[in-house]
Amino acid sequence: MLWPTLGVVYSHISQQDHVFATYVVPVAFLVGSYFILQHVSSNKNSSAREPPIAPYWIPYLGHLFGFLFDPGRLVRELKKKYPDSPFTLIMMGHKFHVYNSSEVIAHVFSRSREYLFHPIVASMMENGLAMPRSDQSKFEVPIAEYSSDQKESRAFVEANHAVFVKNLSGNSLTTTMREYSRHFTRALEEVIPEAIVDGNTSVNLHDKLERVIFFASLNTFFGKRLQADYPEIFDDFRALERALYVGVRSNLAFQLNPRAGKARARLLDHFDNWVDVELGDWEDEDAAWNEKWGMRLNWERERLHREHDFTQRGRSCSHASFLYVMNTNSGPLTAWFLTNILQSPDLLSRFQAECEKHLLHSDKHSIEFDLPKLRASPLVQGIWKESLRLGSVNAVARVVAKDIELKGYLLKQGSVVLIPVQLLHYNTDVFREPEKFVPERWIFDENSNDVAVKQKEMMAHLRPFGGGSGICSGRLVAEEEVILAAATLVMKYNFAMQNKVELHPMALGIMSPKKGVWVKMQYKK
């Protein structure tokens, strides 16, 4: 009876207003049908005990555009709607279950076989760097019970992680930073020449630092060959980096942006040449760096990839991904860390005092600090942690390995647990006035009875580097790189800020300034 009745009503409307019947009624019918389906889906979802699906307008794409344009704002607004429960985002037909409880996060990070990080890495390799399928599988521990044919991929993933940890912590970290400091000083002189350090020329410090840090990292970790053979590497890297904001999720980004696709192809071709040499032995066991491979870390990684039968292009993709993760956040984070210091004369004075306290050597061409002691300074740690808290917009993701219950909700195999750091970093129960930059909140009175509890709670809500088996293995070197760069700059130059800095929300990790960081620089006397 329903359809004949609707037909009569539509015929009557058509006779009265043909345009209204032709255009408005069909649209209204489609919109109404969509909301009915949403309601049915919502009821179905509730009975399955999955976290509630947040409202969205566009089927299949769901919340994708809101997440891409401002992920922090999207999840903070939705959290107001779901203050006491997790909620679900729909993106490209996939379910992303958003949690922000520190207890749940610790639980997820501690169960790496139930909540997998490796599929996230494999997706980046596939979409972002077009790694051959035969090599992608070596990064994948399939979403299933482990069997004998999966042992090799797990062996490579764990061995690769172990190489990073060994070379980027402890005494090896100190050696690495000694090399990095040498290359940073050289890159600084090349990128910021004396002609623009006159106290009158406005300089976009963010753009300059991105270039300085890129070449310092490139020559430290990869030796001299890449820059010598490929002078355009920075420009191609930047084109690739911009495309990867979407490109880590879908290769469509490179189809829609042919320039980025060509830049990626050139970068990988040059990495093909870089790996297409005899591996040989590490000639000097006492040396941590050489011109051929850079740090011993990359020689060990290349050896490991060859032992696991990676193709030449697969090895190139893996090394290019390391270059990407080393640089995509270092420039913005250094600029943001330094901006927070320069915007406060009092904080600048206190930071300079800490730098002077731990200064070992200084002349026109080089500055050397006792970096471990400078990094351990409570003030420096306060600036570092507060810069991370306010500058991060990433979301930790883990793929659910099997149907599992989490916090009273059923999560299906293949869905994703998503932990947006801004829900943690802006938690008003943990951080008073969370939108304000207050490094002193991280400096504790050691005589206070509850200091240990407070420290633990705050650290549990500071997650810019992820956690568990997927925690960023380069977090310690990133910290020392940023502190070294900022200390060198404030000891070498006087700065006059020229603009108020606002951060752009579209980022995979650390947000970049919307309109740069404009300063006037002058050598200190």
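Two strands are taken as paired if DSSP finds at least two bridges between them, and strands here are DSSP runs of E with at least two residues, helices being runs of H or I with at least four, all numbered from the N terminus. With that in place, in β14 the bridge partner of Asp198 is Gln522.

Before going on, let me say that this is a predicted model, in which local features need pLDDT of at least 70 and side-chain atom pairs count only at pLDDT 80 or more, while totals for chains, interfaces and linings use all residues. Residues are numbered from 1 along each chain as its sequence is written, and side-chain values use heavy atoms, with hydrogens and water left out.

The pair I began with belongs to β4 and β14 (residues 518-523), which are antiparallel and joined over four bridges. They sit in an open sheet of three strands, ordered β4-β14-β13 with antiparallel pairing, whose edge strands are β4 (198-204) and β13 (493-497), each pairing on one side only.

There is also an open sheet of five strands, in the order β1-β2-β12-β9-β3, and its pairing is mixed. At its edges are β1 (87-91) and β3 (115-116). Between β1 and β2 (residues 94-98), which run antiparallel, there are five bridges, and Ile90 stands opposite Lys95 in β2.

Turning to helices, α15 (residues 296-307) and α16 (residues 312-327) pack at an angle of about 150° with their axes 10 Å apart, where axes are lines fitted to C-alpha atoms over the stretch in contact and angles run from 0 to 180 degrees between N-to-C directions. Which residues of α15 meet α16? They are Leu297, Asn298, Arg301, Glu302, His305 and Arg306, and on the α16 side Arg315, Ser318, His319 and Phe322 take part, contact meaning heavy atoms within 4.5 Å.
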